[in-house]
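This report walks through a structure for a reader who has not seen it before. The sequence and model come first, and the notes follow.

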Protein chains: 2
Amino acid sequence: MASAFETATAATRRPDSPGSRSVYDGAVADGWDIGGVANGGYVLALAARAMADTAGRPPLSVTAHYLAPGRPGPCVVEVEPVRIGRRMATVAARLTQGDTEVIRVLGTFGAPPAPDGEPIATVAPPADLPDYEHTPTMERFSPTMAPSGFPRQVEMRIRPGDEGFAVERPTGRAELAGWFALAGQAPGDAIDAIGLLLAADAFFPPVFNAGVTPGWVPTLELTVHIRAVPAPGPVAARFHSDVIAGGLLNEDGELWDSTGTLVAQSRQLALMPR
Amino acid sequence: MASAFETATAATRRPDSPGSRSVYDGAVADGWDIGGVANGGYVLALAARAMADTAGRPPLSVTAHYLAPGRPGPCVVEVEPVRIGRRMATVAARLTQGDTEVIRVLGTFGAPPAPDGEPIATVAPPADLPDYEHTPTMERFSPTMAPSGFPRQVEMRIRPGDEGFAVERPTGRAELAGWFALAGQAPGDAIDAIGLLLAADAFFPPVFNAGVTPGWVPTLELTVHIRAVPAPGPVAARFHSDVIAGGLLNEDGELWDSTGTLVAQSRQLALMPR
């Protein structure tokens with residue numbers, strides 16, 4: 001049975017797609033929005049699922065530029081195969097609603113190569129992040145999200161202390177760690193590469209913990225690298241903004257599966273809360 | 001007078017560009033290659049200069065996917081305006097040589113907003129990087145680059161110790177810091193946003209210092225965020241690979257101007273040396 005996330009990101013390829021382009025009909029589903037604006041990771045996942053279908057491979061490195069808010073309702077994803085290679089395929093896509101282009105995406109698709117010896121990693125899951133079962137859910141703290149829409153689609157658990165921004169005690173450090181799962185995800189379910197795109201933009205902006213007034217943080221650009229196929233279970237995440245200057249901020253994320261393997265790295269460029 | 005870099009990345013817009021696309025004729029210049037393959041940052045700069053012309057603004061966030069080696073000789077850059085806004089413009093481009101697409105690029109262009117208060121940055125130039133004048137040049141150490149082509153176009157100075165990989169004493173840490181300038185850059189010259197794209201891919205891969213055998217490290221994807229307009233002078237840089245696994249590695253870079261302001265962040269996904 002398809003998960004709610006799979007259903008909400010499904011699109012159907014038109015058999016009469018013109019020329020070399022593939023055209024998919026889909027919809028920005030109800031209930032994946034925050035105040036009427038669809039979550040950015042969700043919209044990326046919707047486009048990427050159609051791109052993966054054309055590429056015949058899962059996402060490896062995907063970049064989206066955000067052009068207009070995604071609104072619940074029909075959408076079209078046009079996918080252009082740029083280069084279909086033996087191991088990897090590069091494809092471009094635009095997701096539109098009526099005359100409005102919502103996102104433009106460019107990505108290289110292909111399964112991450114199998115491990116070849118011991119990985120070298122200088123980043124590791126935060127040592128002070130409790131087990132999933134012992135990490136508190138964030139939901140009830142949020143000052144800016146209603147308990148409806150997107151927050152209901154995901155299970156977001158926050159490292160104790162990092163909820164400070166939501167209770168007027170920001171930590172002073174633009175960092176947020178925790179766990180991510182899909183709502184209703186069974187213990188044996190794994191989050192796939194497209195789910196990782198969702199996870200990469202699912203958390204509250206860590207800049208809230210730097211003491212700025214929480215508000216809308218518009219993403220200009222988001223890139224996600226898929227580094228390994230996740231083992232079953234939720235993923236641990238750490239998001240941090242290292243440079244907040246001139247009205248712009250980066251937001252970097254690292255995601256690990258339940259065995260501690262780094263499965264994705266993400267980075268976005270966003271505007272300061274307004 | 002135009003610098004050698006400006007000349008090598010210039011392209012001429014065809015007055016008869018069809019429809020909404022702008023078409024530019026340019027060339028992958030002689031002397032910007034390593035063993036016949038043009039440097040990736042140089043090819044990106046060539047495409048980005050044409051994109052900036054169409055956008056009417058400098059690059060802010062640019063992503064390139066590398067499809068085929070750039071070879072000295074003519075090229076065409078086709079630029080598609082995706083969304084031209086008041087403050088920012090998003091444009092896509094393809095750089096081709098004959099029937100071969102070399103890179104596909106997607107970018108948002110616009111001047112970084114003016115500073116609004118004190119920046120918050122948790123990254124700073126390496127404390128152990130000497131002044132530019134006191135930092136040794138790398139050139140003579142290289143085991144993999146001939147003293148011709150690309151290395152002649154840039155002034156690359158390396159933090160003492162980081163040259164270890166080149167003298168069979170890798171540091172064991174996938175990091176490389178140093179200074180970057182354009183060859184012949186006068187002290188009063190500033191590196192502009194397009195020059196920062198070049199700088200973001202100009203250094204030796206830091207993975208060489210992790211003890212892997214140096215070789216070609218093919219970039220799959222490179223994203224550069226321009227965060228401030230550099231002050232005159234060279235830029236300090238730190239490049240590091242934090243996750244080396246499954247035949248893939250990230251390479252993150254931070255670039256600071258001569259006053260210590262962070263001017264760019266870069267990240268690429270690349271294949272292990274082969």
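## Strand pairing between the chains

Strand 9 (residues 120-121) of chain A pairs with strand 14 of chain B in the antiparallel sense, over two bridges. Strands pair if DSSP finds at least two bridges between them. Within this pairing, Ala121(A) has Val243(B) in strand 14 of chain B as its bridge partner. Strands here are DSSP runs of E with at least two residues, helices are runs of H or I with at least four, and both are numbered from the N terminus.

This is a predicted model, in which local features need pLDDT of at least 70 and side-chain atom pairs count only at pLDDT 80 or more, while totals for chains, interfaces and linings use all residues. Residues are numbered from 1 along each chain as its sequence is written, and chains are lettered from A and ligands numbered from 1 in the order in which they are written.

## The interface and the two copies

In total, 42 residues of chain B are in contact with 42 residues of chain A, contact meaning C-beta atoms, placed from the backbone, within 7 Å. The side of chain B that touches chain A has 22 nonpolar, twelve polar and eight charged residues. Nonpolar covers Ala, Val, Leu, Ile, Met, Phe, Trp, Tyr, Cys and Pro, charged covers Asp, Glu, Lys and Arg, and the others, Gly among them, are polar. Because 100% of the interface residues of chain B are also interface residues in chain A, the copies meet through the same surface.

## Around Ser241(B)

Ser241(B) sits in the loop between strand 13 (235-240) and strand 14 (243-245) of chain B. Ser241(B) is buried, with 26 other C-beta atoms within 10 Å; buried means 20 or more such atoms, exposed 12 or fewer, and partly exposed in between, with C-beta atoms placed from the backbone. Leaving aside neighbours within four places in sequence, the contacts of Ser241(B) include Ala174(B), Pro206(B) and Leu249(B).

## Helix 2 of chain A

Of the 16 residues of helix 2 of chain A, 15 are buried, so the helix is largely enclosed by the rest of the structure. Just after helix 2, Gly56(A) takes a positive phi of about 70°.

Note on methods
Two residues are in contact if their C-beta atoms, placed from the backbone, lie within 7 Å.
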